[in-house]
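Keep the 3D view open as you read.

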Amino acid sequence: MKRLLALFLGLLLLLTGCAIQPQVTMPPETSTGLTVHYIDVGQADSALLQCDGKNMLIDGGNVDDSRLVVSYLLDQGVETLDYVIGTHAHEDHIGGLAAVLAVFPTENVWCPVEEYDTKCFEDFKSYAYEQELELVCPEPGSIYDLGSAQVKVLGPVKDYDDTNNTSIVLRVDYGETSFLFTGDAEQEAEQDILEAGFDVSATVLKVGHHGSNTSTGYRWLRTLDAYGMGGILADDMGLGKTLQVLAYLLAMKEGGEQRPSLIVCPASLVLNWAEECRKFTPQLKCLAVDGTAEQRARLAEQFEEYDLVVTGYDL
C-alpha cells in the first residue's frame, strides 16, 4: 500500500509515496521539517526550500518577477539565503535573482556559467560580486547539506552548446521524500545523466523546461517511475506535452500500475487538465481538486479511488 506523503506547495498537498526506495538517512527528531515552495511566477521558475532554519532559492523568475519573489521570501521569514541557484543563464530563471541578492545576505551562489551576454545576467553577477561571492558550478555527484535535507548535484555532466542543457540538476532528499529539480535540461542532458549512472529517484518531479516537448523524455519518466515517482509539477504545458504525459500514465495503468498519480499545475489549468484527460484518455479516472478548503479536504479522502489527481500550485 502506497503511503501518503505531505509537502508544501505554498499549502499542504498529498502525494502518493514510492514502493522502491534508495538507502535513506532519516532526519533527526529535532528537525523542523523541509518545506518546498513553488513560487508562481507564470511561465518561469522559482522555488524556495527551507529546512531547519536554512534557505535555498532555486531560480528567481523573470526580471519583472523581482518584487514578487523578494516579497514572497520576506513573507516566509527569510532573512538570509544559504544558497541562491541560477540553474542556467536564461532570463526566466535568473531574471529576479539580482533583486534577491540586493536584499538578502547570501552564502553561496551557483550557476553553470560565469559569462552570458544579457543585462539581467550581468546584473545577477554584479550583485553576487558585491557580496564577494563567485558564481560556482558544483561538481556532479557532490552533496550539500540544507539543514537535515541533502542536496545532490546530478548535472550538468557534460559541456553543452545549448544553454538549456547546461542546467544545474538537483535532487533534494529529506528522509524518504525527494524532489527533483531539472531547470530547462532537455532530453540530451537527461539521457547523459541516466548514462552517468546517477540515481534520479524522486517523489516529486518538476517537469523540465516548463513542460516543453524537448524535455522530460519517455525514458526519463520510465526511470523515475521505476523508483516510484509520486507526482509531476507541470507549468503551462502545451497540448502535445499534456498528451504525452497522459499517454505515459495510461501505459502505466495498462501495465498493471494501480497507484494514483498527481499533477500539480497553475490553478487556471486544473479543469483544462481534467477535461483533456476525459477527452483523450477516458480510461483514466481523473479527479480535479479545487473549491474551498473544506471541499478540497473531502476530495483528498478519495485520492486512492482515482488514477490521476490534478490540483493547482496555490491550493
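Is E294 buried or exposed? E294 is exposed, with a relative accessible area of 56%. Here buried means under 20% relative accessible area, exposed over 50%, and partly exposed in between (1.4 Å probe, protein chains only).

## Before we start

This is a predicted model, in which local features need pLDDT of at least 70 and side-chain atom pairs count only at pLDDT 80 or more, while totals for chains, interfaces and linings use all residues. Residues are numbered from 1 along each chain as its sequence is written, and side-chain values use heavy atoms, leaving out hydrogens and water.

## Salt bridges within helices

The structure holds 9 salt bridges. The term stands for a side-chain nitrogen of Lys or Arg within 4 Å of a carboxyl oxygen of Asp or Glu. One of them joins E294 to R298, with the closest N and O atoms 3.1 Å apart. These two residues are separated by about one helical turn because they are 4 residues apart in helix α9 (residues 293-300). R298 is partly exposed, at 43% relative accessibility.

Helix α4 (residues 119-130) holds both D123 and K119, again 4 residues apart and about one turn of the helix. Their side chains meet in a salt bridge of 2.8 Å, N to O. K119 is exposed at 63% relative accessible area, whereas D123 is partly exposed at 26%. Helices and strands here are DSSP runs, numbered from the N terminus: helices are H or I with at least four residues, and strands are E with at least two.

K54 is partly exposed, with a relative accessible area of 38%, but D82 counts as buried at 14%.

How many disulfides does a search of the whole structure find? The search finds 0, where a disulfide is a pair of cysteine sulfur atoms within 2.5 Å. For C137, which is in no disulfide, the nearest cysteine sulfur is that of C111, 8.0 Å away. C137 is partly exposed, with a relative accessible area of 32%.

C277 is buried, with a relative accessible area of 0%.

Most residues other than glycine have a negative phi, and most peptide bonds are trans. D52 has a positive phi, near 55°, and is a residue other than glycine. D52 lies in the loop between β4 (46-51) and β5, and counts as partly exposed at 26% relative accessibility.

D59 is not a glycine either, yet its phi is positive, about 70°. D59 has its place in strand β5 and is buried, at 2% relative accessibility.

Finally, find the peptide bond from G155 to P156: this bond is cis, with omega near 10°. P156 sits in the loop between β10 (149-155) and β11 (169-174).
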